[in-house]
Amino acid sequence: MRQEVYGMRFEVDGRRVVYETIDGELILIHMETGFYYSLDGTGVEIWQGLLAGCTPEEVSRRLRTRYEAPVGSIEGSVSGLVERLREEGLLDVARRPSPPRPAAASTIAGDRDAQPEREQFEAPVLHRYTDMADFMLVDPIHEVDETGWPNRKVAP
Amino acid sequence: VVSAGQSTRQVGNRGWRPGPEQEQLLLAARSHPSETADAWLRLTCSVDIEELDASSQDLLPLIYRALEAAGVKDPWLGRLKGTYRRTWYGNQLLLRRLSEALAQLNSHGIDAVVVGGAAVGLLHYRALGARPMGDSRIAVRPAQAGQARVALSGVELDSLALTSADDDLWRARVPLEVAGASAYAPCSTDQLLCACADRITGSGPRCGRWAMDVLAILDSSAEEIDWRRLVRRGTEARLIPGLGLMLSYLRERFSAPVSPAVIDTLRVAAPPPAAPPAVAGRCP
């Protein structure tokens, strides 16, 4: 993991970023640009861990208890996503770093015991949609693929 | 006693009654989780989702929420989820514009009541993408309407309309926070009345949505409804017998918790001779 984010804690500026988790998918909007983002799978877990007050290192440690992955790949994925989220203005370094809340800490400890069977780790992907004026014109029933708006149907 | 069927003839050309497709959508959206899978099957046996009109499509985010909550797996789920995402995105942008307008009004010492989609959506629906909020309006006191127009002259309102609210609605307002800005919303009773009034007068949300709004208000706040106030204001605004017929329809078709006594009172009440006061009419 890159040293610059290793022990940092992060926060979201609610004036700039709104988000919601629906059915295991995190959807976000950068309110200044209007850009729309989507994150799922392990990306949602990483996001939730960071917002619970955990450092990327702590989030990686948690993921290692849950997933099988080559050495260093979880750490690389977590730090890569953190940097990507920061570049997009979706995540800020916490202004007043604080230790993780007790609930987050106990979750990390508890999961180690509760997850004997580990799944294969899949690196998170942040999907980014920028031409939103155009996307809002897309018919959400007829012009989208099976995953739904804003993913357009690919022309045959 | 007038049945819901007769109501269509009495105020039929005002078109408040949801059509068969919208009724099926509403039934699926409101089904108990243990019955959602069957309700969805019935819906897709009788309704072609690909052929729904725009007003019916507005109900699809709610269908998605119901299917998702019930754990129903269906090839349609992704596209239904997309309608929720799209509504959520549009609503978030609208709420931000609304918030900026409210902050501007606040800075000029003008209080505002948010009427329509944003108020109903924030207070009575459980999810921000469940209901499109494009019918939101900002109501101010009639005496401050001119001042409000000046205050908002530099604000991008887009579809947001500026209206005035009558004193009665104003007195019963409740606090509402919109993306960090302080404002007010009509009390639950007045929101219910506004949902029906907008439909009766043909100026409000399209058919089907009024029913979903009233049901959402009753689901979240039935115990807060002041039925005497509803009867009085509905009568004063000459919303009878339509209001009684609409509530009767919801009671019969969706088991809405509306007392038969209230419905009967609304059916037999005589309208006042004077011109009806607007519930939250447009500024002159």
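Which residues lie nearest the centre of the largest cavity? Hold that thought while I set the ground rules. This is a predicted model, where local features need pLDDT of at least 70, side-chain atom pairs count only at pLDDT 80 or more, and totals for chains, interfaces and linings use all residues. Residues are numbered from 1 along each chain as its sequence is written, chains are lettered from A and ligands numbered from 1 in the order in which they are written, and side-chain values use heavy atoms, with hydrogens and water left out.

Back to the cavity. Rolling a probe the size of a water molecule over the atoms shows where empty space is left. Here, a cavity is a set of points, on a 1 Å grid over the protein atoms alone, where a 1.4 Å probe fits but cannot get out; lining residues have an atom within 4 Å of a point. Volume is the space filled by probe spheres set on the points, which are joined across faces, edges and corners. The count is 2 cavities of 30 Å³ or more. The largest holds about 80 Å³. Its lining has 13 residues, and B:Gly116, B:Val120, B:Gln191, B:Cys194 and B:Ala195 lie nearest the centre.

Two elements of chain B give two or more residues to that lining: α7 (117–124) and α10 (188–200). α10(B) gives the most, with 4 residues. Helices are DSSP runs of H or I, at least four residues, and strands are runs of E, at least two, numbered from the N terminus. The lining splits into 7 nonpolar, 2 polar and 4 charged residues. Nonpolar means Ala, Val, Leu, Ile, Met, Phe, Trp, Tyr, Cys and Pro; charged means Asp, Glu, Lys and Arg; the others, Gly among them, are polar.

A word on chain B overall. Chain B has 14 helices and 5 strands. Of its 284 residues, 57% are buried. Buried means under 20% relative accessible area, exposed means over 50%, and partly exposed is in between, using a 1.4 Å probe and protein chains only.

Now the rings. The whole structure has 12 aromatic pairs over all chains. Rings of Phe, Tyr and Trp (its six-membered ring) pair if their centres lie within 6.5 Å; planes under 30 degrees apart are stacked, over 60 edge-to-face, and the rest tilted. Take A:Tyr19 and A:Trp47: edge-to-face, 5.2 Å centre to centre, 75° between the planes. A:Tyr19 sits in strand β2 and A:Trp47 in helix α2 of chain A, 28 residues apart. A:Tyr19 is partly exposed at 38%, whereas A:Trp47 is buried at 2%.

Next, A:Tyr36 and A:Tyr129. Their ring centres are 5.6 Å apart with planes at 55°, so the pair is tilted. A:Tyr36 lies in β4 and A:Tyr129 in β8 of chain A, so the pair ties together parts 93 residues apart in sequence. A:Tyr36 and A:Tyr129 are buried.

Where does A:Arg152 lie? Over the face of A:Phe135, 4.8 Å from the ring centre. For a charge over a ring, NZ of Lys or CZ of Arg must be within 6 Å of the ring centre and within 35 degrees of the ring normal. In chain B, B:Arg79 lies over the face of B:Trp76, at 4.0 Å.

Last stop: A:Met31. This residue is in the loop between β3 (25–30) and β4 of chain A. A:Met31 is buried, at 12% relative accessible area. Not counting residues up to four places away in sequence, A:Met31 touches A:Arg15, A:Arg16, A:Val18, B:Gln92, B:Leu93 and B:Arg96. Contact means heavy atoms within 4.5 Å.

How values were computed. On a 1 Å grid over the protein atoms alone, a cavity is a set of points where a 1.4 Å probe fits but cannot get out, and a pocket is an open set with protein on both sides within 12 Å along at least five of seven lines; lining residues have an atom within 4 Å of a point.
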